[in-house]
Amino acid sequence: MRVFMLGWEFPPFISGGLGTACYGLTKALDQLGIGVTFVLPRMVDSQYATHVKLLCPGSKQSSEYIKELKNVKFCTVSSPLQPYTTSDSYQRMVEEILRRKQKGSTSGPGIGGLNYCGDMYSEVHRYAAMAAQLAEGEDFDVIHAHDWMTFLAGITVATLSGKPLIVHIHSTEFDRSGENVNQMVYDIERKGMHLADRVVAVSNYTRNIIIERYGVSPDKVDVVHNGSENNGNGGWVSGDVDIKKGEKIVLFMGRITMQKGPEYFLMAAKKVLEVMDNVKFVMAGSGDLMRKSIEMAAGLGIGHKVLFTGFLQGEAVQRIYKMADLFVMPSVSEPFGLVPLEALQNDVPVIISKQSGVSEVLRHALKVDFWDVNEIANKIVAVLKYPPLETTLRNYGNFEVRKLRWKDAAAKCAKIYADMLIPV
Amino acid sequence: MASVCFYFQVHQPQRLRHYTVFDRDEHYFDDYKNASICRKVANKCYLPANRMFLDLIRRYKGRFKIAYSLTGVLLEQLQAYSPEVLSTFDALAQTGCVEFLGETYYHSLSFLNSRNEFMEQVNKHLDTIENLFGQRPRIFRNTELIYNNDLAVLMESTGKFDAILAEGADHILGYRSPNFVYQPKGCQRLKLLLKNYALSDDIAFRFSNRNWTEWPLTAEKFAQWVSSVNGNGQTVNLFMDYETFGEHQWEDTGIFDFMRHLPEEILKHPDNNFKTPSEVVDSYEAVGTIDVPHIVSWADIERDLSAWLGNPMQSNAFYELYKLEKKIKKTGDEKLIADWRKLQISDHFYYMCTKYFSDGDVHKYFNPYDSPYDSYINFMNVLDNLRGRCARYQQQMQQAPQQQQLACAV
């Protein structure tokens with residue numbers, strides 16, 4: 001069994017949960033002995049160093065193996081596509097690359113002769129074409145495409161190869177943009193779901209959106225909940241964090257965008273501070289609503305109680321978890337939500353929005369409607385005020401999160417692959 | 001001789017309303033929900049079951065007998081929301097074939113923390129039952145059949161009771177059978193009646209279970225099981241929740257028809273009869289002593305306290321609640337004391353149970369909360385408000401004499 005997998009990020013190129021999910025799933029599939037050819041779009045102009053030596057293809061494909069993943073082969077398609085980009089930001093990005101290229105400041109081999117398309121729509125098509133070319137020399141049984149940007153590539157490869165296509169939905173346009181959907185993205189998502197042989201949703205919550213808003217037949221949509229990667233009690237942090245603090249810390253971590261509900265976090269903070277004084281609220285992350293959130297905190301008169309850290313990575317993340325007493329995820333619409341699992345692994349109890357996929361798999365978490373600011377505040381106060389609540393949530397939650405394994409998610413995917421290969 | 005001794009537990013908790021840290025008012029209970037559940041259960045269970053038992057008692061002219069334990073908090077709610085149920089219980093009391101048992105008025109776990117509070121609630125319940133039904137209970141059953149030697153000794157020392165009930169758990173009985181009368185260790189006079197959990201649960205839990213090899217359970221089959229006790233037992237103690245009839249086992253499972261036919265089938269055997277707990281105690285001598293140093297209850301597989309006090313939240317809420325006892329009582333404020341006591345209803349702690357994986361289903365079914373965490377938060381917020389009221393009351397009392405002096409001076 002070999003899977004032709006179309007992803008769009010992979011560690012260490014991660015800006016959100018998708019890369020983590022692709023990594024977890026691929027690694028677990030690998031352990032099940034299922035071969036994976038992992039294709040991902042990659043911006044040539046990357047400043048990241050990586051243990052995977054990626055070649056820049058021009059039109060030729062490159063492939064690499066990572067040591068611990070013996071059945072996985074990586075192929076990259078040169079493209080500036082990145083998750084969580086909008087048409088506008090894509091445009092800016094391309095212009096930036098062109099500008100730098102003219103200045104001759106880019107590094108890395110083989111840049112010349114690259115042909116970037118001027119808008120995201122054409123780029124998705126170009127990626128499809130290149131992926132199809134790449135697929136020609138590959139041997140595989142099924143195609144597994146993650147989220148909309150890879151769907152056209154998935155469809156093209158499926159058409160050319162005649163192999164069955166699975167599209168995996170980690171988030172939909174409705175989650176990212178509310179009701180102001182980008183029609184182009186919606187159309188691609190819809191097309192992918194309808195042309196695919198099977199659709200995998202990361203939660204029942206997402207499955208319902210797929211059925212209701214994309215008109216996909218329910219018997220075609222399976223739910224495969226994400227797992228959690230790290231099974232220990234968080235990482236060890238060098239230079240032990242020795243914080244003597246009289247203040248409690250409530251943490252928001254994630255992109256500061258409409259989808260994540262930062263304004264509900266701030267409104268709840270305001271309410272909490274009406275009855276408690278020794279609390280600080282930390283917003284870790286960046287995003288298009290960051291400036292607005294800073295202004296909002298000031299406007300609510302709690303500016304001195306809210307700290308913005310910007311985007312955190314690596315050890316800084318561990319450190320912030322060590323400091324935090326509580327993690328809050330007030331997402332407006334969260335297909336899954338891996339961050340609460342990460343928080344629990346780091347012994348931080350969590351409050352999560354009921355409008356999330358992760359609330360389907362966590363019992364030992366406090367659950368709220370994202371709009372119910374009063375209740376969010378009520379629960380924040382309770383956790384900070386009653387140590388037995390915090391202890392119970394932390395201990396049972398940490399235990400529970402260890403049971404959510406990628407192994408099980410991969411086994412479900414493997415079963416879906418096998419089902420599709422049974423001749424009708 | 002095999003006597004069938006039925007006792008039904010009748011209880012409805014007073015559920016708390018959603019109470020956040022921002023709430024300030026002193027009304028803690030969800031009157032709407034409590035009223036609607038009370039009326040619903042009255043219609044599905046209490047009224048039809050009471051009518052059925054009244055019919056059976058009349059039909060068998062003194063040969064069919066049962067016992068009830070009605071909690072004080074249930075009686076209060078019946079009075080307020082379904083007084084017609086009270087009058088049918090009264091009619092049952094008038095037949096002379098129904099015995100009422102004693103317990104804590106608030107269906108509380110007070111025995112585990114405060115003997116004073118416990119006895120006050122027991123006495124309050126005795127008075128209430130006597131006022132309503134004209135008989136003073138002589139048999140005691142503690143909340144959820146929570147029991148140990150100390151409890152038995154304490155109840156004997158009051159001189160108010162002839163016997164006490166407990167779960168016939170395997171680990172306290174060993175090779176012995178629950179179908180005899182025993183004596184608690186450390187008691188001279190008080191007797192012990194043990195629940196036959198196998199036969200009780202056949203009716204209460206397994207009756208409608210289609211995966212059960214004995215399904216469907218007929219009155220005839222059950223009567224055979226009971227009759228087989230003849231020769232190696234004297235009493236079959238069938239203790240269960242009254243809500244078994246119509247609420248846990250819905251009417252369409254045939255539970256009422258089963259019960260309607262049971263007396264006839266049981267009495268077909270000449271050696272069988274029905275007795276109330278008091279009659280069992282009067283008829284049979286204790287055949288041995290049962291030693292229960294550790295607490296047993298009738299809950300879950302563990303038969304222990306883990307359903308109410310099994311996690312840190314439960315112990316904390318329990319401890320914080322009873323810590324207020326002295327202060328609350330010192331105020332002498334009836335409303336305040338009643339509110340505090342209603343927080344002792346064991347169900348509040350049951351809702352906080354996190355034992356999801358084995359008995360979780362049962363817990364979930366009876367739980368008005370989405371999660372045990374929500375229930376703890378709610379409880380603690382209410383308790384916080386109660387504590388505040390208590391403190392304010394004390395302050396006022398301290399200030400009051402000073403003000404009087406001032407008034408006199410003026």
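Against which elements of chain A do the buried residues of α14(A) pack? In this predicted model, local features need pLDDT of at least 70 and side-chain atom pairs count only at pLDDT 80 or more, while totals for chains, interfaces and linings use all residues. Residues are numbered from 1 along each chain as its sequence is written, and chains are lettered from A and ligands numbered from 1 in the order in which they are written.

The buried residues of α14(A) pack against β1 (2-6), α1 (17-31), β5 (142-146), β6 (165-169), β7 (198-201) and β8 (221-223) of chain A. Here helices (H or I, at least four residues) and strands (E, at least two) are DSSP runs, numbered from the N terminus. A residue is buried if 20 or more other C-beta atoms, placed from the backbone, lie within 10 Å of its own, exposed if 12 or fewer, and partly exposed in between. By this rule, A:Trp406, A:Ala409, A:Ala410, A:Cys413, A:Ile416 and A:Tyr417 are the buried residues of α14(A). Seen down the helix axis, they fall within an arc of 115° (taken from the directions from the axis to the C-beta atoms), so they line one face of α14(A). The face turned away from this buried side carries the exposed residues A:Lys415, A:Ala418 and A:Asp419.

Turning to chain B, there are 17 helices and ten strands. Buried residues make up 47% of the 410 residues in chain B. The C-alpha atoms of chain B fill a box of roughly 85 × 45 × 40 Å, taken along the principal axes. Of the contacts in chain B (C-beta atoms, placed from the backbone, within 7 Å) with a separation of 6 or more, 79% join residues 24 or more positions apart.

Notes:
Two residues are in contact if their C-beta atoms, placed from the backbone, lie within 7 Å.
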